[in-house]
Amino acid sequence: YPLVTGVQTCALPIFICPEPGAVDNAVTRSSMAVVPGLPGQDREGTASITYLKSVDDTEGQGVAPPQAALASPGDSARVTSNARRLPPLNITTQGSLAPGLVATQSTVKLYDQDRGLASTACLGPDTSWWFAGGGSTAGRDSQLVLVNPESSPAELEVTIAGPDGPVSTPSLRGIVVAPGARTVIRLSQEAPKLTAAVWHVNVRAGRVVAAVFDSEMAGYVPRGADWIPAAADPATRQLIPGIIPGPGDRQLVIHAPGTTDATVQVRLITRSGAYVPSALSQVDVPAGGVVAVDLSKATDGQAVTLDLRSDQPIVAGVRQWHPGIDATADATEEESYAAAAVPFQDVAAASGLPAQRSTGVTLWLTSAALTNPDDTAIAKDDSVSATITLLPDNGAATVLKTVQVPANRVVEVYLQRPANSTWFTAIVQASGGSLVAAHRVVVRNSAGSLISGFPWRPLRTTVEVPSARVDAGISLPNPG
C-alpha cells in the first residue's frame, strides 16, 4: 500500500467571480492569469472557464459559454459582459495551471444611480467568511451574495452584528444553497436601519463563496458602490492596508465576536513613521457589538496601514469616501473599502488592473513584523524585500522594481502601465519576512473619479495532503 504524506502541489479546485453581469449599462470584466515561475508548473495543465448553472431562468440560463482560455503559466484571459444578470463565473484549473491562479471581477458604470467602480478578488469556496462593512439606513443597499459551486447542497447560517450587538435574524439560520446556485440576502430586509454591520457566514455542510456588495444614494445623487473585501478571521492583531491618501471621510468598523468586551489600540503606520493618536489609544468594543470610529482627523489625508492590537479577537474593516480626484468641486462622491488582510511570506498578486489612459494603479506595502507599538526606530534587519513584477495581458512578465519595506513604514509604489496593454496582473514576491498589500485603481472622469481596490491574499500553490497508512488494528474479521 502506498504511503501519501507531506505537502504536494495540486490543482486549485474552483474560483468564483460572483456577479459577472452586474447592473444595466455597466461593463463587467472578469480577468484571470496564472503567475509563472512557481513550483508544480513543469507539467501539463488545463483551465476551464464556464458559467455556473443558475436556479432562476431570468439570471441567464442557457447563455453562451465565455470565450476565454489559459494554455500555459503566464497566460491571461478576460471575460467581458454588459448583461444585467448572469450566473457566477466558474474557473477550474488542473496541473500546471493550478498553482498561481489569480482572478478579479471589476464593474464600471460612469453615470446614473448605480455609478461607481466596484472590484473584488474571485476566490475559492470556504466554510467561514467575515465582512466588516455595510448598512441599511435610508439610501443604503448592502447585499450578501452566496454561491455554491459544488455538487452537493450547502447548509449555512448568517449572523449579523450592529452597534447594539447581535441582530436577531431567524430567517438566516439553516439556509440551504443548492448545487450551482446563487442566493442573495439584502441587509435592509433582514436588519433595517443599521448604520454599520459585520457579517459572518458559517457553513455547516459543504462550502460556499461569499461576497458583499454595497452602494449608497443621497436622494437621487449616487455616493458610490463597491464590493466589501472579505476580512481576515478574528485575531488579536489585525493589519488593514489600503487606507488611501486624499480628502474624504474614513470610518473604521471593529467587531468583537466573542463573549468578552475588547479593548483595542489603533496604531497608524504611514510613509514617515508609526504613531498612536491619543483618541485611538483605547477603543472599547462591547462583546458581540460593532463600533464605528471616525479616522478622518487621525489619517489627515495620508496613505495609512492600520495596526490594531486587542486583548480579544476582533474583526475589522474601513469604509472610505472620495470626493473625486482631478475633478470639479461638485464632483460626485465615490466609496471604497479596506479590510483586515492576510499576511503573505511568498507571493501575492492582483489581476485585471487597467492599463488605459485616464487610469492609474497604486500599490501599498507594509511589513507584517510584530514590531513594538512604541518603537518607531528603523532597524536594517527589520525590512522585507519586495520584488514587483508586471504581467501584461499581451506579453511576458517583467520585473518593475525591487523595494525594501522597513518596519513601521508604508511603501507606496505607482504601477507604471505596461506598453501596448489593455490590462495587467501585478505580482509581489516577498523575501525576508511577511507583508500585507493593497492596491487602488483610479478611473478619472469629469463627474468625479471612480476608485476601487482591495487587500491582496497569498497565492495558493500547495495544499497539505493528510498522512495515510495501513493500520491492521482497524481491520474487521471476515464474518464468514
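Here are some exercises on a predicted protein model, each with a worked solution.

Residues are numbered from 1 along each chain as its sequence is written. Because the model is predicted, local features need pLDDT of at least 70 and side-chain atom pairs count only at pLDDT 80 or more, while totals for chains, interfaces and linings use all residues, and side-chain values use heavy atoms, with hydrogens and water left out.

**Exercise 1. Describe the largest cavity: what is its volume, and which residues line it?**

Step 1. Start with the terms. On a 1 Å grid over the protein atoms alone, a cavity is a set of points where a 1.4 Å probe fits but cannot get out; a pocket is an open set with protein on both sides within 12 Å along at least five of seven lines; and lining residues have an atom within 4 Å of a point. Grid points are joined across faces, edges and corners, and a volume is the space filled by probe spheres set on the points.

Step 2. The structure has three cavities of 30 Å³ or more, and the largest has a volume of about 220 Å³.

Step 3. Its lining is made of 23 residues, with Thr120, Ala121, Leu123, Pro229 and Ala230 nearest the centre. Strands E8 (116-121), E9 (128-132), E16 (209-218) and E17 (221-228) each give two or more residues to this lining. Strands (E, at least two residues) and helices (H or I, at least four) are DSSP runs, numbered from the N terminus. E16 gives the most, with four residues.

Step 4. Now sort the lining by class: 21 residues are nonpolar, one is polar and one is charged. Here Ala, Val, Leu, Ile, Met, Phe, Trp, Tyr, Cys and Pro count as nonpolar, Asp, Glu, Lys and Arg as charged, and the others, Gly among them, as polar.

**Exercise 2. Is strand E24 largely enclosed or left open, and which strands pair with E24?**

Step 1. Of the 19 residues of E24 (residues 304-322), 16 are buried, so the strand is largely enclosed by the rest of the structure. Buried means under 20% relative accessible area, exposed means over 50%, and partly exposed lies in between (1.4 Å probe, protein chains only).

Step 2. Two strands pair if DSSP finds at least two bridges between them. E18 runs antiparallel to E24, joined by six bridges, and in this pairing alanine 235 has isoleucine 314 in E24 as its bridge partner.

Step 3. Strand E19 (residues 250-255) is antiparallel to E24 over six bridges, with arginine 250 opposite glutamine 320. Strand E20 (residues 262-269) is also joined to E24 by six antiparallel bridges; there, valine 266 faces leucine 308.

Step 4. E25 pairs with E24 in the antiparallel sense over six bridges, and histidine 322 stands opposite glutamate 334 in E25.

**Exercise 3. Classify the aromatic pairs: which is stacked and which is edge-to-face?**

Step 1. Rings of Phe, Tyr and Trp (its six-membered ring) pair if their centres lie within 6.5 Å; planes under 30 degrees apart count as stacked, over 60 as edge-to-face and the rest as tilted. This rule gives two aromatic pairs.

Step 2. Tryptophan 129 and phenylalanine 131 have ring centres 6.4 Å apart and planes at 5°, so this pair is stacked. Both residues are buried.

Step 3. Phenylalanine 213 and tryptophan 227 have ring centres 5.2 Å apart and planes at 70°, so this pair is edge-to-face. Phenylalanine 213 belongs to strand E16 and tryptophan 227 to strand E17, so the pair ties together parts 14 residues apart in sequence.

Step 4. Phenylalanine 213 is partly exposed, with a relative accessible area of 21%, whereas tryptophan 227 is buried at 5%.
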